[in-house]
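Subject: Structure handover

Hello,

Here is the structure for you to look through. My notes follow below it.

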Amino acid sequence: MWQAFGDVPNYVEPFAGSLAVLLGRPHPARTETVNDADHFLCNFWRAIQADPVTTAHYASHPVNEADLLARHKWLIETGAFRIAKLRECADFYDAKVAGWWVWGICAWIGQGWCQKTANKLPHLGDAGKGINRKLPHLGDAGKEIETYFLALAERLRRVRVACGDWTRVLGESVTVKHGITGVLLDPPYSSSEHDVQYAMKADGVAEAVRQWAVENGDNPLLRIAYCGYAESGVEFPPSWECLAWKACGGYGSQGDARGRV
């Protein structure tokens, strides 16, 4: 994806997720804007800036399905309410919400973390080791994780975090006014694209995002990437390049049913 974008002076990610693409940028960061509709990312950023030790304490936890589902429920029903103060106080953060949220991102599989979806298994593959999959927890309050969070805080220091609808970060003042802009569009999967267990209840979002991409695809100041499933039937103009990619296999490859296909 970064080979296609190039070293663009401006980068915008309306559906932040885990920021995997932003954090995988191979060249020095420049102007970057990400959007997080539910405020969990904004809270995490503040927490690792202000108190990486406490945030690391809550993030350091083994992968446990009962804990995953319980924390998922707590973050939706209680955590989201607790971080509502983010809009009222510029110094507010909740380290517990931040730690549990990022731990869950590493343990959850597919979309739907901190969204009201059906229960799922935790990630059980080789990489599914919770927050510790990046750096090992070596005891003594998780010093390695604290070090990682400090480095992550420094990386995100100049990243602008918006909290709201995806369209708010796609206007000219956020994009082309800053020069050539790379835009990563990875909207929630619709039920027509994937099994319901991976699809989010955001009817129409994926199609609206696709329409925006097509309408703005000829802008010479925009370099747009749209992520989705090829078999969904979504069509793009012939001038667009399709970069097909296939995973090595997940839960579906463990059986002989539809998932393997």
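Leaving aside neighbours within four places in sequence, which residues is L75 in contact with? They are F40, A80, V97, W100, W101, W113 and C114. Contact means heavy atoms within 4.5 Å.

Ground rules: this is a predicted model, where local features need pLDDT of at least 70, side-chain atom pairs count only at pLDDT 80 or more, and totals for chains, interfaces and linings use all residues. Residues are numbered from 1 along each chain as its sequence is written, and side-chain values use heavy atoms, with hydrogens and water left out.

Cores. A nonpolar core is a set of buried Ala, Val, Leu, Ile, Met, Phe, Trp, Tyr and Cys residues joined through side-chain atoms within 4.5 Å. Buried means under 20% relative accessible area (1.4 Å probe, protein chains only). The largest such core has 42 residues. F44, L75, W101 and F149 have the most contacts inside it. Helices supplying at least two residues each include α3 (40-50), α5 (65-82) and α7 (143-156). α6 gives the most, with 7 residues. A second, separate core has 17 residues, among them W166 and L170.

Sheet. Helices (H or I, at least four residues) and strands (E, at least two) are DSSP runs, numbered from the N terminus. Strands pair if DSSP finds at least two bridges between them. The open sheet has 5 strands, ordered β3-β2-β1-β4-β5, with parallel pairing. β3 (159-162) and β5 (222-226) each have a single partner strand, so one side of each lacks a neighbour in the sheet. 5 bridges join β4 (residues 181-185) to β5. L184 stands opposite A225 in β5.

Regards

Notes:
Buried means under 20% relative accessible area, exposed over 50%, partly exposed in between (1.4 Å probe, protein chains only).
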